[in-house]
Every structure is written in structure tokens, then in C-alpha cells.
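Here's a quick tour of a protein's surface: its pockets, a patch and a loop residue.

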Amino acid sequence: MAKELIHLAPVEAKAFLGLKAAAERADGAIPEKYRELISIAVALTTQCSYCIDAHAKNAARAGATREEIAEVVFIASALRAGAAVGHGLLALRLFDEAPSPR
């Protein structure tokens, strides 16, 4: 299925795969293990099952521990909950700015 998707949109696929390769390279300033832990946190936040699968396996290969994965789970959870609070503040501000019924 992925090959078909690439075939159907080759220009976009090439750009996406290039970005993916640059972001996931092993020779960047951020060590590979930490790149994978960050990727897991983002995948948990965006709730991408495929990404969680790929990056959990990559993290294991890069030397991450089960304890590090567990901490990432709770870091991502806290950030996601924090985003709900932030959006709640926005909702209150927008509510306050809305015209009152007359």
C-alpha cells in the first residue's frame, strides 16, 4: 500500500521521505536514542499507531530502556493534559469576548 501511495504522489512522497530521513538521521546533534524517545512522545501525542510501532522498535535498537519509554509516556501525557488546560484558557477568553445575549 505504501508503494502505491508513493507511486500516486511521487513528488510529495520524495519530499516527505527526504524530510523523514533528515529528521531521523543518526549523525545529528541529538543522539539517535533521544531522537527515538522524542519521536515516541510525539507519536503518543498525535496518537499515530504506526509511528508508535516504528519508533518503539527503533528506540529499543538504539539502546532505550523500558524505564525511559515509561517516562516518555507520562511526559507526553502531562503535555497533552497541559494542552487541554491551555485550550481551556483560550475557551474562557473567547467566551468572555463573545457578545452577551440581550
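The largest pocket in this predicted model has a volume of about 360 Å³. It is lined by 16 residues, and the closest to its centre are Lys 20, Glu 24, Ser 39, Cys 51 and His 55. The second largest pocket comes in at about 190 Å³.

**The largest pocket**

- H3 is the top contributor to the lining of the largest pocket, giving seven residues.
- Sort that lining by class and you get nine nonpolar, three polar and four charged residues.

**The second largest pocket**

- What lines the second largest pocket? The list runs Met 1, Ala 2, Leu 5, Ile 6, Ala 9, Ala 13, Phe 16, Leu 17 and Lys 20.
- Two elements, helix H1 (2-8) and H2, are the ones that give two or more residues to this lining.
- H2 gives the most to the second largest pocket, with four residues.
- By class, the lining of the second largest pocket splits into eight nonpolar residues, no polar ones and one charged.
- Keep an eye on Lys 20: it is among the residues closest to the centre of the largest pocket, and Lys 20 also lines the second largest pocket.

- Now find Ile 30, Tyr 34, Ile 38 and Val 42, which together make a nonpolar surface patch of about 360 Å².
- Val 42 sits in helix H3, the helix that gives the most to the lining of the largest pocket.
- Why does Val 42 count as partly exposed? Its relative accessibility is 46%, and partly exposed covers the range between buried, under 20%, and exposed, over 50%.

- Where is Gln 47? You'll find Gln 47 in the loop between H3 and H4.
- Is Gln 47 buried or exposed? Gln 47 is exposed, because its relative accessible area is 54% and the cut-off for exposed is over 50%.

Terms used: Residues numbered from 1 in each chain as written. Predicted model: local features only at pLDDT ≥ 70, side-chain atom pairs only at ≥ 80, totals over all residues. Heavy atoms only, no water. 1 Å grid on protein atoms, 1.4 Å probe; cavity = no way out; pocket = protein on both sides within 12 Å on 5 of 7 lines; lining within 4 Å. Points joined across faces, edges and corners; volume = space filled by probe spheres on them. Nonpolar A, V, L, I, M, F, W, Y, C, P; charged D, E, K, R; others polar. Patch = residues over 30% accessible without salt bridge, like charges linked within 9 Å, V, L, I, M, F, W, Y side chains within 5 Å. Areas by Shrake-Rupley, 256 points an atom, 1.4 Å probe, with all protein chains shown as cover. Salt bridge = Lys/Arg side-chain N within 4 Å of Asp/Glu carboxyl O. Buried < 20%, exposed > 50% of the residue type's maximum accessible area, 1.4 Å probe, protein only.
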